[in-house]
Amino acid sequence: IIYQTPNFEELCSHEVRIKQISSKEGWLEHDPVEIINAVRDTAEVAIHLLPNHGFSKSDIVAVGVTNQRETVLLWDKVSGKPLYNAIGE
């Protein structure tokens with residue numbers, strides 16, 4: 001979601017659903033590469049919509065990222081690649 005300040009009015013947004021992986025009953029996982037690609041895709045589409053509201057990507061002054069706060073993911077610090085799927089609750 002891209003907001004206009006100071007009133008935090010929503011200008012535009014985009015959403016991408018990611019697949020859930022359930023390798024065992026009660027387990028929930030997500031493909032980490034799919035997650036990062038979804039983040040990139042949603043940002044690109046939302047930024048592309050900004051001119052419809054009289055703004056451009058150079059008008060963006062801050063970015064915030066949040067998640068479910070209950071998903072764990074481990075990346076290799078050398079290669080930058082995920083070591084396993086993101087594990088959720």
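Q: With which side chain does the side chain of Glu29 make a polar contact?

A: The partner is the side chain of Asn85, at 2.9 Å. Keep in mind that this is a predicted model.

Start with Glu29. Glu29 sits in strand S3, residues 28–30. Glu29 is buried, yet it has no salt bridge. The nearest side chain of opposite charge is that of Lys24, 8.6 Å away. Leaving out residues up to four places away in sequence, Glu29 touches Lys19, Gln20, Ile21, Ser23, Tyr84, Asn85 and Ala86.

The cut-off for buried is under 20%. Beyond four places in sequence, Asn85 touches Ile21, Glu29, His30, Asp31, Pro32, Val72 and Leu73. For a sense of distance, take Arg40: Asn85 and Arg40 are 45 residues apart in sequence and 18 Å apart in space, C-alpha to C-alpha.

Next comes His30, one of the residues that Asn85 touches. His30 also lies in strand S3. At 5% relative accessibility, His30 counts as buried. A polar atom of the His30 side chain lies 3.1 Å from the backbone oxygen of Lys19. The contacts of His30 include Ile18, Ile35 and Ala86.

Asp31 caps the N-terminal end of H1. One of its side-chain oxygens lies 2.9 Å from the backbone nitrogen of Val33.

Finally, follow H1 itself. H1 has 18 residues and reaches 26 Å from its first C-alpha to its last, close to the 26 Å expected at 1.5 Å a residue. Pro32, Ala38, Thr42 and Ala46 are buried in H1. These residues cover an arc of only 115° around the axis, which puts them on the same side of H1. An α-helix has 3.6 residues a turn, so residues three or four places apart point the same way. The buried residues of H1 pack against strand S1 (2–4), strand S2 (9–12), S3 and S4. The face turned away from that buried side carries the exposed residues Glu44 and His48.

Definitions and conventions
Residues numbered from 1 in each chain as written. Predicted model: local features only at pLDDT ≥ 70, side-chain atom pairs only at ≥ 80, totals over all residues. Heavy atoms only, no water. Contact = heavy atoms within 4.5 Å. Helix = DSSP H or I, 4+ residues; strand = E, 2+ residues; numbered from the N terminus. Buried < 20%, exposed > 50% of the residue type's maximum accessible area, 1.4 Å probe, protein only. Lys, Arg positive; Asp, Glu negative; His and termini not counted. Salt bridge = Lys/Arg side-chain N within 4 Å of Asp/Glu carboxyl O. Polar contact = N/O pair within 3.5 Å; in protein donor to acceptor, adjacent residues only side chain to side chain. Expected span 1.5 Å × (residues − 1). Arc of directions from axis to C-beta.
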